[in-house]
Amino acid sequence: MTGFNKRELLKAGVAGLAAGELFFGLSPLANGSITALAQSPKRGGAVRAVVHPEPSSLMLGLVQNTPTQMVAGSIYESLLKYGHDLKPIPSLAERWEISEDGKAYTFHLKRNVKWHDGKPFTADDVVFSTDVFLRELHPRWRPVATTHVERIEKLDDFTVRYQLKNPFGPFILMFELSTTPIVPRHLYAGTDYKTNPNNNTPIGTGPFKLAEWTRGSHIKLTRNPDYHVQGLPNLDEIYWQIIPDAAARVVAYETGAVDILTGGTVENFDVAKLAKMKNTAVTGKGWEMIAPLSWLWFNHRQGLMAKKSFRQAVMYGMDRDFAKDVIWNGLARLASGPVSSKTRFYSDKVAAYGFDPAKAKALLKESGYKGEPIRLLALPYGEAWTRWAEAVKQNLTDIGMNIQLVTTDVAGYGQRLSDWDFDLAFTWLSQFGDPALGVARTYVSSNIAKGSPWNNVAGYSNPEVDRLFAEAAAANGEAARQELYTKVQQILVEDLPVAWMLELEFPTIYRSNFNNLIKTATGMNDAFQDAWKA
Amino acid sequence: MNSFLRTFARNRGAVIGLCILVAVVAIAILAPLLYPGSPWRMVHRPFLAPFVLDRAPLGSDTVGRDILAGLVHGSRVSLLIGLVSTLVALLVGVPLGAISGYFGGWVDAALMRVTEFFQTIPSFALAIVIVSILQPSVGSIVLAIAIVSWPPVARLVRGEVLSVRTRDYVQAAIVTGQPVHKVILTEVLPNVVSPVIVLASLMTATAILLESSLSFLGLGDPNVMSWGYMVGSGRSRVLDQWWISFIPGTAIFVTVLALNLIGEGLNDAFNPSLRGRRT
């Protein structure tokens, strides 16, 4: 046992024993009002939250986009949850062990868990979900299972072991709800998963059950009386309201029609306005797993973008503080490099790029730029992104670049990135808690392939970077991984394959009389297990 | 000509409209002198109210761009797109209508079916589709507006030509053996021009509205400042910082109204049967 593993075990044990305390609101993380600290949780009540856009399905094993995660997060569960520091917390697994060589992960499951239809939950469900169902269908679990997992075995009815082919540091993060949602074996084994009628009436182990879904209006979840944590959940009902227009969502909150505006459902400037309302709390927490990081892609296949001086000119020419303060209303942090400060193995020991138009002009001259038109592809995700593209265009125009702004719809944007048909392009991507999961994919040369907007679309290739990412993913032990990741961050920041912009925050706005809402790194996805209404 | 001007001038609304239009055109021409910098420059604190700062008499928008500068530069785009797309629509609609009306028979039937095909599609929806497919730019917007606005021109010209071609002077020209294109150009078209001019002035107004609507929906040329864009970009702030949308909206309203008033004045002046109606 390494120190790390002991600590994990200890924490798991403590959390299991002290569950009552945790649920009693002693954690100040998500409490909007200080008085709530002294109160004990109240049973009962309903909460109305906004989800946008409407989920296409609530079967989390099949669909994993954000709206589905938020709603289905109260219906399904996985083995673990993660705190704001990305450390694992028990969920369906009450404790776990990692072997010393980093190749065997053993999970001990809770024993009193029942599916919503009353059938008992056992290790068979876990093995079926991760070895059969998700291995076949899940875009993020499937490659990990194929590359790193040797076998998944049931040791007894409540113990499951994952035997890996090689040490894989981020494996402990794979038991997050949207990565490995546990689905009921008794309803899915031997069926055609995609057409199984149970997809419309999802059966999970979570604190709430699906009661009613009126398309275009709302999704109603009701309390699961047989939930495996005694006395929970506190709330009786959750109404997920579907309101397609951003301005209408603001009005719905102002008039009291909804209690929670989930991250990204209102425009940035409205956040400041709503935050001033009485009985309202705003938190940027709950996005640590995603840790949205935004940057400008350079298309390294165009002559100029291949030049470091040109890329640096762009970086020095952008007023990122302006973007942070004016466009994101201060709800962001300047990104220092490829890894978000919320993600594991972040290092701030890297070169810094400030806003320096004079230096940018000099570098631009050095690159041999002669006023050729440069296309800047904006991200069609709403007003803030459009304004941001306009501001960057103006910044770069000021240092002497000839920028043509290109706007498209979401499909057109994805198409252009996939076809490498851009010069500069906005994007933001998830980090998934670990550089091996959410960072390396953007920079390693094995990930250069037409057809996806999420891979190394810049076409950046550096053998040293490839090697460091590969070694770091397979290294055993946090210290060894940190050293390799620090090195790769230094190389990347010096080389500037893309221009990092901001670590974004998608604040959740809610009434302060709701307590214990956001307590994990996946925020609203598992917000209601022990939430209560004062 | 004098009587034409006199009739036009008798319509006070038309004169006011003309004055407004002249002023807008002057602003558009002088824009680079009035505001030499780019209207996209973020020069002020965001959300400044009008009349608060002398340097920003009409305030600033969501990211601190000067609203007056945007208004001045936006006039160029709105007028340019209005005029050019009308011109293109006329270049398509007038010849089609003239040929259709003059030759009649199967030519007429064929061309009118094509025209009806375009008329049955909701014009704004079609414009949105065209701009989305071609990517938003001044060129694609002009094209989209022209494509949706030529059918009424063709139908109007056809109707007029149908009646004019039976007149004696046209018949005389045909009998004297003038070539067809000469008959159409010198005898027929000059006599259908007045309703077309009236229609053109109204079309320009509609084109400005169409361009504004497209920009409002985010389908404007992202590289040029236009009034519709300004309204659209301030839309989400309309409850708190209403002026960001209201000011450019007023500019659109006033300009479109001016063009409509002028159209009405032209109609009075061209249409002898109405001459003196207002006296």
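The side chains of A:Glu254 and A:Lys273 meet in a salt bridge, with an N to O distance of 3.5 Å. By salt bridge I mean a side-chain nitrogen of Lys or Arg within 4 Å of a carboxyl oxygen of Asp or Glu. This pair links distant parts of the chain: A:Glu254 belongs to helix α7 (residues 246-254) of chain A, and A:Lys273 to helix α8 (residues 268-275) of chain A, 19 residues apart. Helices are DSSP runs of H or I with at least four residues, strands are runs of E with at least two, and both are numbered from the N terminus.

Let me state the conventions. This is a predicted model, in which local features need pLDDT of at least 70 and side-chain atom pairs count only at pLDDT 80 or more, while totals for chains, interfaces and linings use all residues. Residues are numbered from 1 along each chain as its sequence is written, chains are lettered from A and ligands numbered from 1 in the order in which they are written, and side-chain values use heavy atoms, with hydrogens and water left out.

A:Glu254 is partly exposed, because its relative accessible area is 34%. The classes are buried for under 20% relative accessible area, exposed for over 50%, and partly exposed in between, with a 1.4 Å probe and protein chains only.

Let me turn to chain B. B:Glu116 forms a salt bridge with B:Arg155, and their closest N and O atoms are 3.1 Å apart. Here too the pair links distant parts of the chain, with B:Glu116 in helix α4 (residues 105-120) of chain B and B:Arg155 in helix α6 (residues 138-164) of chain B, 39 residues apart. B:Glu116 has a relative accessible area of 27% and is therefore partly exposed; B:Arg155, at 28% relative accessibility, also counts as partly exposed. Salt bridges that share partners join A:Glu254, A:Asp270, A:Lys273, B:Arg237 and B:Asp240 into one network.

How many salt bridges does the structure hold over all chains? The total is 35. Another of the pairs is A:Arg151 with A:Glu153, whose side chains meet at 3.4 Å, N to O. A:Arg151 counts as partly exposed because its relative accessibility is 38%, and A:Glu153 counts as partly exposed at 22%.

The next topic is helix packing. Two packed helices are described by the angle between their axes and the distance between the axes. In chain B, the axes of helix α3 (residues 67-103) and helix α11 (residues 243-270) come within 11 Å and cross at roughly 35°. The axes are lines fitted to C-alpha atoms, for helices over the stretch in contact, and angles run from 0 to 180 degrees between N-to-C directions. Which residues meet across this crossing? B:Ile67, B:Leu71 and B:Leu79 in α3(B) meet B:Trp243, B:Ile244, B:Ile247, B:Pro248, B:Ala251 and B:Thr255 in α11(B). Contact means heavy atoms within 4.5 Å.

Leaving aside neighbours within four places in sequence, B:Ala49 is in contact with B:Gly59 and B:Trp243. B:Ala49 lies in the loop between α2 and α3 of chain B and, at 24% relative accessibility, counts as partly exposed.

B:Phe47 counts as partly exposed because its relative accessibility is 23%. B:Gln135, in the loop between α5 (123-134) and α6 of chain B, has a positive phi near 75°.

Chain A supplies the cis peptide bonds. One joins A:His52 and A:Pro53, with omega about -10°, and A:Pro53 is placed in the loop between β1 (46-50) and α3 (66-72) of chain A. The peptide bond from A:Leu232 to A:Pro233 is also cis, with omega near -5°; A:Pro233 is found in the loop between β9 (218-223) and β10 (237-241) of chain A.

Is A:Ser367 buried or exposed? A:Ser367 counts as buried, because its relative accessibility is 1%. A:Ser367 is placed in helix α11 (residues 357-367) of chain A, and, neighbours within four places in sequence aside, is in contact with A:Leu304, A:Lys307, A:Ser309 and A:Phe310.
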